[in-house]
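Hi,

Here is the structure I promised to pass along. Have a look, and my notes on the charged pairs follow below.

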Amino acid sequence: MSNFNFVMVSAGFEHGGNVTHRHLDGHPQLLVYPFESQLGNRNFNDFLASVERVQYRYPEFPEGLTAEELYEQMIDEEMKTFLRKKTGSKFKDADLQFDEADRLSEFKRLLGSGPYLRRAVIEAFFRATFAAWRNYYMTPQDGMSYVGYSPAIGIDADRIIRDFPNAKIMHIVRNPFSAYRDTKRRPFPQPLSKYLITWNIYHSTVEMYAKQFPDNVRIFRYEDLVEDKEQFMKNVANFIGVQYAPTMLYPSWNGVEIKDSIAPWGTVLKSTKAYNESVINELSDNEKSQIVAGTTALARHFKYDQVDYLKQYYRAE
């Protein structure tokens, strides 16, 4: 295995990570994973373990495992649920023609005999996925970039770059008012206090890595996506090293445009400025005041005090 171009989309919850991932789907130079690519496993445990679930972290693998055991180590919940119990998957209606045995066979072939480096395991995971996807809308070619998405994986940017020195990690930040309103759509949403703490941890950590690894890590504001999609996507294309394509202007799955709601691929229902602004008004005054108190310092760093519908919350006193 060689010439592996690796792109990861990272984001906080309901920050538009899934939306951005879907906007990259139709690009002719990008092989975009069909769902969230949850690479994590239960063997990695650090001081941030209480902040984020293990499936969304970058993995660690014990020594001495077989290729099949390594495959099972990666939680990959959305894909494996679809493949193993389709009726229990929120993507049960997706037209994905895929045999998991084919992916496992290709994964083992690519890895060959051990011992196995983590870099090789991750690369084989992505390559085997597209080799096994029978009705994928285009044929993978050398030089294409593999694109995954896992919420908050940007907090592990240093470990990803250790494996892939040329990796590109694009992290999406969204204003916490709209983001929190959308996270309340979940059946078991985070309490606001926890949401505000994690909002600060995610974005300040990735901002640190963006300063340390400017060629590998970049933060993009979701508000810029919904304000001017073409310019936003041209900036993204430049960062990840591909040509801009008009397909980046709309969300799609397996090359087919998603024309209505983005669900079930994400809880941010529409990638428009009007939607991003309107959902703020669904919050109570008490919720808004708590968000202001908990996020003003970092929000001003990201220049949210200059966004027309946010400046009333973040302008200097």
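Let's start with Arg185: at 32% relative accessibility it is partly exposed, while Asp182 is buried at 0%. (Buried is under 20% relative accessible area, exposed is over 50%, and partly exposed is in between, with a 1.4 Å probe and protein chains only.) The two form a salt bridge, with the closest N and O atoms 2.8 Å apart. By salt bridge I mean a side-chain nitrogen of Lys or Arg within 4 Å of a carboxyl oxygen of Asp or Glu.

Some housekeeping: this is a predicted model, so local features need pLDDT of at least 70 and side-chain atom pairs count only at pLDDT 80 or more, whereas totals for chains, interfaces and linings use all residues. Residues are numbered from 1 along each chain as its sequence is written, and side-chain values use heavy atoms, leaving out hydrogens and water.

Across the whole structure, the search turns up 25 salt bridges. One of them joins Arg159 to Glu60, at 3.1 Å between the closest N and O atoms. Arg159 sits in helix H6 (residues 157–163) and Glu60 in the loop between strand E2 (30–32) and helix H2 (67–73), so this pair ties together parts 99 residues apart in sequence. (Helices, H or I with at least four residues, and strands, E with at least two, are DSSP runs numbered from the N terminus.) Arg159 is buried at 6%, and Glu60 is partly exposed at 28%. Both also belong to a salt-bridge network with Asp46, Arg57, Arg118, Asp156 and Asp163.

Cheers
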